[in-house]
Structures are given as C-alpha cells and as structure tokens.
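Got a new structure on the screen and some terms to sort out? Let's go through them one at a time.

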Amino acid sequence: MLTIDLRKYPQPRIRHHTNPQVYLPRHQLHVVPPSYPPCIERLDWHHLFSDGRPPTIVDIGCGMGRFLLSYALNHPEQNILGIEVRKPAADWITTVINGEGIKNAAALWYSVANGLPFLDDASVEMVTYFFPDPWFKKRHIKRRAFTPALVAEIYRILRPDGALYLMTDVPMVDEYQREILHQHGGFSIEEVHSDDEWFAERTDQELFCLSKGIPYVRLRCRKR
Ligand SMILES: C[S@@+](CC[C@H](N)C(=O)[O-])C[C@H]1O[C@@H](n2cnc3c(N)ncnc32)[C@H](O)[C@@H]1O
C-alpha cells in the first residue's frame with residue numbers, strides 16, 4: 001500500500017501515449033523530435049540517491065510510480081530507479097519524491113529503446129517491467145520496448161543471482177515476451193501464482209486489473 005497522500009501533488013493530464021518516435025531507438029530516426037528524451041550514457045548516482053550508490057532495482061516503464069514509491073518507502077536500504085518515456089509522468093514522480101524527501105528513489109525521463117548504458121554489468125538485483133503497452137497492431141509492434149536488444153541489456157546489468165520480473169494482462173504480449181526470452185536463452189522462467197513469492201507493492205495497472213477481475217500473468221525470470 002502507498003502511504004503518501006497523493007492529493008498533495010495534483011497530477012497533470014497525461015496522455016496515454018506520447019510521440020510515437022520516442023518508442024524507437026534514436027539512431028533509427030532521420031529527424032529527432034524535440035520531445036525525444038535525452039540519450040543518457042552515464043549517470044552520477046550522487047545526484048539521484050542520497051547514498052550515492054547505483055540502484056539495486058530498476059522499474060522499466062514505471063508509469064505514475066506507484067510501485068516505485070511504495071517499494072522505496074518499504075525498502076529504505078535499497079535504491080530504486082524508475083525509467084519512464086513520458087516526461088510529465090517522470091517529472092510528477094520527481095515532484096513527489098522531492099516533496100516527501102524520499103532519498104532512495106529516482107525517476108528518469110528516458111526511452112529504454114536506447115539500451116541501459118548508464119547501468120554497469122552485473123550491478124542490479126532486480127529489473128521489473130510491469131504491464132507494458134501492448135501495441136496490438138502488427139505495424140506498431142516495433143514500438144514495444146521489450147526487444148531482444150533490451151533483454152540482452154537486462155541480462156548484462158543483472159547480477160548472477162538477479163531476476164527480471166514481468167506482469168501482463170495481455171496473452172499475446174505474454175507469448176511474445178516468453179518467445180524473446182526463450183530465444184535469448186539466459187533466463188529460467190517461472191510463473192508465480194502465490195502472492196507470498198511476489199512483491200508486496202502494487203502497480204496502478206495491477207490495481208486496475210484486480211478491481212475489474214482481469215487476470216494477469218506474473219513471471220520471474222532468473223538469470224542463469
Ligand atoms: C501500461 S503502462 C504501465 C505502468 C506501470 N508499470 C503500471 O503497471 O501501472 C506502460 C508504461 O511504460 C512506459 N513505456 C513504454 N515504452 C517505454 C520506453 N521505451 N521507455 C520507457 N518507458 C516506456 C509507458 O510510457 C507507460 O508509462
């Protein structure tokens with residue numbers, strides 16, 4: 001449960017999707033729109049976390065940050081980095097983090113289509129990617145963030161005992177992601193049914209699914 005009173009932080013109106021080009025790697029674009037997030041090569045963790053250490057957990061596509069904020073409050077000894085392509089969402093989470101004086105959470109405006117070069121090899125314990133945008137139409141699938149290149153990046157940054165955690169309520173996305181993971185071959189995939197073996201923190205989309213009785217799949221993909 002998130003214990004922050006979010007009414008203190010009026011949320012801006014945020015569109016479901018932003019400029020379609022931000023979902024593609026920058027090097028594929030002929031003209032880079034001004035709304036394209038910065039391509040970050042290195043980060044100084046002292047600017048993001050009070051202990052100056054890199055994150056132990058990375059939440060890709062953190063949305064409005066419910067999971068990120070709850071996790072940070074429940075695990076003050078860990079640093080959590082959220083990555084979000086929609087600037088107003090990343091900015092709003094940063095306002096909440098600053099307003100609440102949270103020292104171990106940060107939200108980065110960035111497109112993971114450009115990899116994760118600012119995270120060192122074998123440095124992260126957990127990567128989460130919860131309820132990715134499904135991009136149902138065939139011609140839009142190239143906008144899905146979960147690509148063989150991203151999976152290779154996740155594998156690179158995970159510690160030997162680390163794991164990638166996935167949730168989706170869209171069966172075709174689940175199938176697509178499992179196929180990419182199988183092709184990579186570096187993960188052992190387990191479906192998690194018991195809440196006891198999962199995070200206590202919830203995402204906004206997860207709460208929506210729970211409230212509507214929409215089933216969803218939870219996968220733990222341990223690095224082999
Ligand atoms: C359906 S929302 C889910 C948000 C949150 N994880 C949840 O479960 O409530 C998917 C999120 O992924 C973000 N996203 C999509 N593509 C991305 C990319 N290439 N880089 C970073 N974030 C991305 C979207 O902007 C959106 O906030």
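Helices and strands are DSSP runs, numbered from the N terminus. Keep in mind that this is a predicted model.

Q: What makes β2 and α5 stand out in the shell around the ligand?
A: β2 (80-84) and α5 (204-212) each supply at least two residues of that shell. The biggest share comes from α5, with 3 residues.

Q: Which residues come nearest to the ligand?
A: Out of 21 residues around the ligand, G61, G63, V85, T203 and Q205 come nearest.

Q: What makes up the shell around the ligand, by class?
A: There are 11 nonpolar, 5 polar and 5 charged residues. Gly counts as polar in this scheme.

Q: Is Q205 buried or exposed, and how do you know?
A: Buried means 20 or more other C-beta atoms within 10 Å. Q205 has 21 such neighbours, so it counts as buried. You'll find Q205 in helix α5.

Q: Which residues is Q205 in contact with, leaving aside its neighbours within four places in sequence?
A: F130 and F131. A contact needs C-beta atoms within 7 Å. Along the chain, Q205 and F131 are 74 residues apart, yet their C-alpha atoms are separated by 6.7 Å.

Q: What makes a group of residues a nonpolar core?
A: The members are buried residues of types such as Ala, Val, Leu and Ile, joined through C-beta atoms within 7 Å. The largest one here has 53 residues, and L68, I93 and V127 touch the most other members. Helix α2 (residues 87-100) gives the most to this core, with 6 residues. In soluble globular proteins, nonpolar side chains tend to be buried together.

Q: Which residues does L68 contact, leaving aside its neighbours within four places in sequence?
A: D59, C62, I80, G82, I93, A105 and A107.

Q: How many helices and strands does the protein have?
A: It has 5 helices and 7 strands. Follow the sequence and the pattern reads β-α-β-α-β-β-α-β-α-β-α-β.

Q: Why is the protein called as compact as a globular protein of its length?
A: For 224 residues the globule rule gives 17 Å, and the radius of gyration is 17 Å, close to that value, so the protein is as compact as a globular protein of that length. Along its principal axes, the C-alpha trace spans about 45 × 40 × 40 Å.

Technical notes
Residues numbered from 1 in each chain as written. Predicted model: local features only at pLDDT ≥ 70, side-chain atom pairs only at ≥ 80, totals over all residues. Buried ≥ 20, exposed ≤ 12 C-beta atoms within 10 Å, placed from the backbone. Helix = DSSP H or I, 4+ residues; strand = E, 2+ residues; numbered from the N terminus. Contact = placed C-beta atoms within 7 Å. Near = placed C-beta within 6 Å. Rg over C-alpha atoms; globule rule 2.2 N^0.38 Å.
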